[in-house]
Structure formats: structure tokens, C-alpha cells
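The entries follow the order in which I looked things up.

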Amino acid sequence: MRRSRGAGPLSRARAGYPSLRTHCARSQLGRSVFTPSLFSHLSRRKPRCIACRASYTATFMGVNHVTGSRSTGISGPLVLPNPKRIRSRRGGFQLKTGQAIQLPDDGETLSPALLGAAQTFRDEILATADVRLDIERAREARLDDGSAIYCRIDPKAALHPKAATARDAYRLTVGPKIIEIASPSQEGLRFGLQTLGQLVKGKGKGKGRSKARIDALEILDQPDFRDRGIMLDVSRGKVPTQATLESLVDLCAHLRLNVLMLYIEHTFAFRRHPEIGEGASPLTAEAILSLDAYAADHGVELVPCLQSLGHMEHVLALPRYAHLAESDRRWSISPTRPESYALLEDLYNEFLPLFRSKRFNVNCDEPFDLGRGQSAKRSPRKTPGRLFFDHIQRLRKLSHAHGKQLMIWADFAHQHPAEMDRLGKDVVLLDWWYEAKFDADRIKKLRRKGLEVWTCAGTSAWNCLFPRVENAMQNVTRWADAGRAHGATGLLNTDWGDFGHYNSLGASLQSYAWGAQQSWSGALPARDFDRLLGREVFGHDSPAFGHLYRKLGEIHDAGFPVANGSSLQYLYFDGLARSFFLRHADRKALERSAKKVDVVLREVGQLGLGASEDDFAGIARQEIAWSAEATALAILKALASLDYNAWRAEPGAFNARERSALAKRLDQIAKTQSEQLFELTRLWLARSEISEFDKTRKRARKSIADLRAGAKRLRAGKAPKPPREKTLALLDVFNEMRLQFGMPPR
């Protein structure tokens, strides 16, 4: 996998930022039954130099089993995603310098993606086994010239030759004299070469094992879903750099994902509407043209994605477009104003010609105010369902003018089933839900209508310091099961960035890989998946890496539930003065989480994640280290806030010595959070433009300022009034977050 070219910006971003070195005396406050040693871990953040990195040692940890729909029947970890059928044979093939990779000369233009896969395989063999292979094209295998790998087109080289997924199928045969890869298409040949490369790379280093020898076997492989992809949110505050996006394409190609979407509300530089993307580091037309070509050369379809109904708050907040808002909430564009379609047509005319894909995701999810504003006055007889499907028909015409097939989210269609018959059979419905427990089989209602459906899972990374890993894995698995059962053609794994997108790209890579595995061949035992994850995605050889990732992903308990997110994230950013979330924390739950993160921090240090290289995978390991430290700090902050708010409620119960000790704790937490903000800034700029980072920075600075103000009040003995009683219902949480971002409540 090609690495990111973002090392330069990373080095510049790091300039002037101190490393995280903090020391904290244990609290003297007797009321804290549990006094965590987390600061001792935060203070041991390893320097990022080569000499120190060399001293790190990796430890092996036992692993559990990830539940899944079915087993692939494979006896050991081989490649990611793992193939459907493997049959071992006796003997093996010895790779030697001067042998060739023969690509098919079948009268078709050679695919850049296939050539790239051959070049990658050649380079990996050279690096792994010190064997130099040539690349050629040939109509027939030439066994007499010592050729090593013969690739050929064979329409029957598939488990299910008549299925749409046969395009990506392949048969890989390793014998004593030749390696043959056969497939109905050049795409399948590419995947066969990738599998062969991983087989070589995954060989152990034991005595007598030759990296240049490949054990004899036969693999028959074909994916479960025709379309397998990722959708990355680039509209909630963070726009990746071009180098990051190209590296993401590389990762998709490596995981055999063939679709990439960039979710856009306002982060595109429209020439005729420049104010839409102003101040958000928007993507340019040239950047998308370049990325589209790069993706195509790697076998990945860059599908255009632009909001066209709800979630248009950024656009409708601008004076030029405010009159198009459906309601005073400025959430949805009104479908009863002709000017709305004039605007959308303008946007489509600039945006859609940049993509070679024949599909277009217009989104149109969650238009909660549809029919409650202008439409209620202009078309009072139309129900929200009728308004919605009328709107979809208008968008369908606009999309067809550019030769695009329409894609929409399915939530509103589910709410108005009586109107679904008006959908054209060429519209693709994207059925989504992101919690582990839900009715995934509901897609059969859409399939009964004869509609094409993709199942859409989520990384559970948004509103989190680190993803809710178990929730994400179960969510992906259940969607994959339902998709297979009911004939979905695609599985899309969505990665959102609600409220500032401080959640890192690196923290989502595990879910990307699990989505790739599930969309290709189903479940895989955790021990195998964890080992493959570290090697194939994060560039880390330790078998402990994948399990460590899941251990960190289990730590979210703070004693109160929050839908669609992690309570620890809310505690990390919450202001001590209001304590909207902090006052709900439970001491025993925090202590349990503290013990878990204490173990994780120690293992993060042993694996050297914080001192990783500055390439794409190395930055991901650094991001995981930051998440572990931020999780620890959220717990420390919440424990201290319980004592602080107890003092606010009963000032006379705290003597001067206790107040002084608590003030020191708050000051130290503020200092550490300030240093973590520097580190977060560095990591942000390593992958992304500055975008709207100021939103996240302001939240962190407010938390830091409140902690320091609280320490001053403690020393002065001036207790403020206790925080007001507040519920944590979904709408209350949502409005609190909008308040923190200076937005009006709903």
C-alpha cells in the first residue's frame, strides 16, 4: 500500500508543540475513594526519536472471538479480506530472479489498476524475498522460459459465474512449475495478485522458511457484494488533504473496496456560489478531478455525494439563500420554491462533471421540517411524503441530465411506504442505521418493491474520543447478514464527524477493514482478524495490536448512557462551570474505566504507538495513542469534577487543605488537556486542512479555562452555585451541543 505524502505538513505542524510530559502528585483529598495512577502514564509519553523507538517491546495478549454470521472455513489467517475457499496441496513454487508476471493480452486495454497491482507485487517480493521479477503481457503461458505467474481471463473462473460479483472473482493456483491466476475480468486478476502478495508477506520468520517459496494451494474466491465501500464525512469541520485522500484510495484498493464517497454539504468551492464553501478549506474542482483519476487508476469508483434537501444548514444560514429554507430552522431546502431547483441545478452543473462515476448520492436524509414551513403554505394538500417523492423526481431529472443514476438515503422512504411506488427502479436506496441492535431485515420491504438497495453501516467513531468498537463491528455484521439474505448489491461503511470531527481517521481504519471483510466473505475469528489488521492496515507486526485496539474501544462507561456517542467524549469537552454532562458521571463507573485504560496506556507504550513514523499508517498509530491519553484524561477530569461539584453543593464540608489539593488536581488536568490540544492540532494538520478546526479548539479551550477558574475559586474559598438539574434526553444533548457551537437550539 502506497504511503501518504503528508510527512512535510506533519513536520511543520509539529514545530513549536511541546511533547506531553506531565507529573501529578497524588491527591490528598480523602473523599476520592479511588485515586488513579493515570497521570503517571500520561507523563511517560515517549519521545518520538529513533533511539527511543528502538527500545519499545511488544507483548502478546490473548484474544476473544468476534461473533459473526458465518465462518469462511479457513484454517488460519492468510489475507484480509480472507478468501472463500482454500485447498492446500503438496509442495510449492520457488520464486527466482528473472521470472515474470505475465499479464493477459486478450485484446482489451490493460487496466491501470491491474498493472499497478503487478508492480506492487513485484516491489513487495523484492523487499520481502530479494527476488526481482519482470512484468510482461502474453496471450498464452510460456512454461519453457521460467515464467512465474501467468494471469489469464476465464469467464468460468468464479464460484458463481452468472452473479454480478463474478467480475471480482478469481482462481489462484500455486503449483510446482507455475502460478496461475484466472478471472472473468482484469479486476479479479488484480485481487488474485493482491492475495498472492499477502500470502508471501504473511509467511513467518521461522528457521528454514523461505520468503521466496509459496506453498502449493488453490483458492476460489468471489465477494458477497458487488459494491463495497466507505463514505467519509468531509463537511463537519474537517477536509482531508489531497495526500490523505489518495492514501485512503490506496487503502480501499488494498482492502478490495471499490467505492469511495466524500460526504459534502458545503465544503466544495463552487465558482458561481463561492460563499458556500468560504472559510471551510473546501475541495476544489481540480482536486476532485485529480482524485477521481487517481481512484479510477486504482480500481476505486469515486461517487459524487452532495446534500440536496435536509442537512443544508450551512448553506441556508447564508443571507443569499436564507429565503429558500423550508422553515425558520433553516435545515431543509424548500421543494416548493422554483429557486431551490435553480440553485441545485447550478451546483450540479459545476459538481457532477468532475466525476466519471455514473452514480450520484443526493442524500436527502432526515428532512425533519419538510412540510412544516413554506411547503405547508404553498402546497397545503401535500403530505411530507408526497413532497419528498416529488422532490426526488425533480432531482432524478437533474441527475439524468448528467447521465447519473440517483442514490438516496432510505429513512424517509421507510416512513412513507405508500409513496415508494413512485420511485423509479433505477433509484438506489441506501438503508442505514448505526446501533448494534436494530431491524436490519427491514431492507426486505424495499427489495419487495423491486428496488436496488445498499446496506449502510457505521464506524461508531463520531461523538467519541475512540470508536465504540463492539457496536461498530456488530452493526457492520448485522447489515452484511441482512444484505446477503435479501439481495442487497452494496455495503457502504459510513464515517461521520458530528460536532467538529475531532475523531481521527486512523481510529476508523479498523472498522473499514471489518467492513471489507464482511462485504467480501463474512465473519472471521477475532484472533485472525486482529493479527491481519495490524499487519495489513496499521503497519504493525505485533499480534497484540488488534486486540489492544478493541480493548481501548470498550472503554466508554462513565455511569450514564448517551445515544449515538461515548459519554467520555462529552466529559472531555464539558465545561466545569455548567457541568451539563460532568454532573451525571458516576464514581464507580469511572473507577472501573480508569483501571481498564490504565492497562491500555501501558500497552500503548510497550507497542510504541506514540512514537510511530509519519506515514499514513504511522499517523494512525499516533492517533490511537492520543485517543488513549484523552480517554484517561476524561476520566481524571470527571472524577475531579465530582469532588468540585460536591464542594459547590456543600462548601463548609471542605477544609482549606482539601480545597488546595483539589485545586492542584484541576490545574494539572488543565495543563495536560492544553498539551493534548497541541498534540491534537499536530495530528489534525498531519492529515487535513485547517478547515473549521477552530470549533474544536474553542471547545477544548473552554474546558481548560473552566478548570483553571475552578482551581482559583477553590483557593479563594468562593464556591459558585451548584449546576442546574438537566436531563440527558436525546434532544437535550443535541441542543447542548448546538449551544456549545453557538447555534440556536431546536
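Which residues lie nearest the centre of the largest cavity? I noted Lys238, Asn503, Ser504, Leu505 and Glu623, among 20 residues that line the largest cavity.

Before going on, I recorded the ground rules. The model is predicted, so I kept in mind that local features need pLDDT of at least 70 and side-chain atom pairs count only at pLDDT 80 or more, while totals for chains, interfaces and linings use all residues. Residues are numbered from 1 along each chain as its sequence is written, and side-chain values use heavy atoms, with hydrogens and water left out.

**Entry: the cavity**

I searched the whole structure and found 1 cavity of 30 Å³ or more. A cavity here is a set of points on a 1 Å grid over the protein atoms alone where a 1.4 Å probe fits but cannot get out, and lining residues have an atom within 4 Å of a point. The volume is the space filled by probe spheres set on the points, which are joined across faces, edges and corners. For the largest cavity I wrote down about 190 Å³. The elements that give two or more residues to its lining are β8 (227–233), α20 (616–649) and α21 (656–687). I noted that α21 gives the largest share, 4 residues. By class, I listed 10 nonpolar, 6 polar and 4 charged lining residues. Ala, Val, Leu, Ile, Met, Phe, Trp, Tyr, Cys and Pro count as nonpolar, Asp, Glu, Lys and Arg as charged, and the others, Gly among them, as polar.

**Entry: the whole chain**

I counted 23 helices and 15 strands. Both are DSSP runs numbered from the N terminus: helices are H or I with at least four residues, strands E with at least two. Of the 746 residues, 61% are buried, meaning under 20% relative accessible area with a 1.4 Å probe, protein chains only.

**Entry: an open sheet**

I traced an open sheet of 7 strands in the order β1-β7-β5-β6-β4-β2-β3, with mixed pairing. Two strands pair if DSSP finds at least two bridges between them. β1 (85–94) and β3 (134–138) are at the edges with a single partner strand each, so one side of each has no neighbour in the sheet. I also looked at how β1 meets β7 (residues 213–221): the two run antiparallel and are joined by 7 bridges. In this pair, phenylalanine 93 stands opposite isoleucine 214 of β7.

**Entry: strand β13**

Why is β13 (residues 428–432) largely enclosed by the rest of the structure? I checked, and 5 of the 5 residues of β13 are buried, so the strand is largely enclosed. Val428, Leu430 and Trp432 lie on one side, and Leu429 and Asp431 on the other. On pairing, I found 3 bridges to β12 (residues 405–409), which runs parallel to β13, and 5 bridges to β14 (residues 452–458), also parallel. Valine 428 stands opposite methionine 407, and its bridge partner in β14 is glutamate 452.

**Entry: helix α16**

I found 8 of the 11 residues of α16 (residues 526–536) buried, including Phe529, Leu532 and Leu533. The buried residues of α16 pack against α5, α6 (242–254), α14 (469–486), α15 (509–520) and α17 (545–553), where contact means heavy atoms within 4.5 Å.

How values were computed: On a 1 Å grid over the protein atoms alone, a cavity is a set of points where a 1.4 Å probe fits but cannot get out, and a pocket is an open set with protein on both sides within 12 Å along at least five of seven lines; lining residues have an atom within 4 Å of a point. Buried means under 20% relative accessible area, exposed over 50%, partly exposed in between (1.4 Å probe, protein chains only).
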